[in-house]
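Look over the sequence and the model first.

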Amino acid sequence: MLTDNTGKNNGGSGLVLNTRDPPDVNVNTFTRNKLHGVSVQVGPVWVFVNVVSRHNDGCGINIITPIVDELTGAAPQMAIRAEFCTVSDNRQHGFQACPKTETELRAITAQHNAGHGIIAEGACMDIKGGTIGGNTGSGLFSTLEAYGAVSEVKFFGNNADGITISAGANPSLSKCTISENEHGVCAVEHARGLIEDNDISDNKGDGVFVATNAEPQVKGNRIKDGRRHGVCVQENAGGTFSNNNEICNNRGDGVRIFKGAYPTVADNSIEANSGS
């Protein structure tokens, strides 16, 4: 077990984990390192509890793609479970999971990073609880066919979107609060995903923005009080908007569908939008 350590001012990463027999990592602090606070390079399963990684020149926690075994041609399992961790004020992303990794995040805090709060690149990312805000990029950037469940997370005040889904990613988002970002949820580049039972409000752009062949399922959300449209579907994009989405009090249109778009919009409440 790695416990009660402080790793700071190192020329590389504060902690590099490269072993197939991993210990738990509990109550450690990594700060002001020239690369990442923590870099995970080999699995199989790591457990982080109460790890703080801040003010690093790279990411707070970085998980690389498992290296394929030259003899078997197989990649080892690479799985991370992180509970009550803080990844903030880093010069890249707060938490980065690369392709073919599996990550569970519980009650994570990812704030004020110069990149995204959390980025999932072709990874399975399961997030429950926590606060993701004030990042220069998006709160969560899910891309390269990433997938997994995201629930009960507060996304607020990110300079880009609360959640960006791109490049064929297919996450499910539920019971989240998504406010004061650019777009609340942005789905682009063949993204899919289920967006259900979330509170999406007070965003600077659209509550839900869909473009470039994206087709999300948007069901039973409260989409309100945004500065632009509640829902905006651009040319060559679609999706399903149903199951009583409440789309109200937005400064633009409730639902704006551009020429060449092909969404299905049914069984919603769309009212008191300004249309300006």
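**Cysteines, cores and a patch**

Cys-98 is buried, at 13% relative accessibility (buried is under 20% relative accessible area, exposed over 50%, partly exposed in between; 1.4 Å probe, protein chains only). The model is predicted: local features need pLDDT of at least 70, side-chain atom pairs count only at pLDDT 80 or more, and totals for chains, interfaces and linings use all residues. Residues are numbered from 1 along each chain as its sequence is written, and side-chain values use heavy atoms, with hydrogens and water left out.

**Cysteines**
- The structure has zero disulfides (pairs of cysteine sulfur atoms within 2.5 Å).
- For Cys-98, the nearest cysteine sulfur belongs to Cys-59, 8.2 Å away.
- For Cys-186, the nearest one is that of Cys-232, 10.0 Å away.
- Cys-186 is buried too, with a relative accessible area of 7%.

**Nonpolar cores**
- The largest core holds 54 residues (a core is a set of buried Ala, Val, Leu, Ile, Met, Phe, Trp, Tyr and Cys residues joined through side-chain atoms within 4.5 Å).
- Val-40, Phe-48, Phe-95, Ile-118 and Phe-155 touch the most other members.
- A second, separate core has five residues, including Cys-186 and Cys-232.

**Surface patch**
- Ile-257, Val-265 and Ile-270 make a nonpolar patch of about 230 Å² (nonpolar patches join Val, Leu, Ile, Met, Phe, Trp and Tyr side chains within 5 Å, from residues with over 30% relative accessible area and no salt bridge; a salt bridge is a side-chain nitrogen of Lys or Arg within 4 Å of a carboxyl oxygen of Asp or Glu).
- Ile-257 is partly exposed, at 41% relative accessible area.

Key
Patches are made of residues with over 30% relative accessible area and no salt bridge: like charges are joined within 9 Å, nonpolar side chains (Val, Leu, Ile, Met, Phe, Trp, Tyr) within 5 Å. Accessible areas come from the Shrake-Rupley method with a 1.4 Å probe; for residues, only the protein chains shown count as cover.
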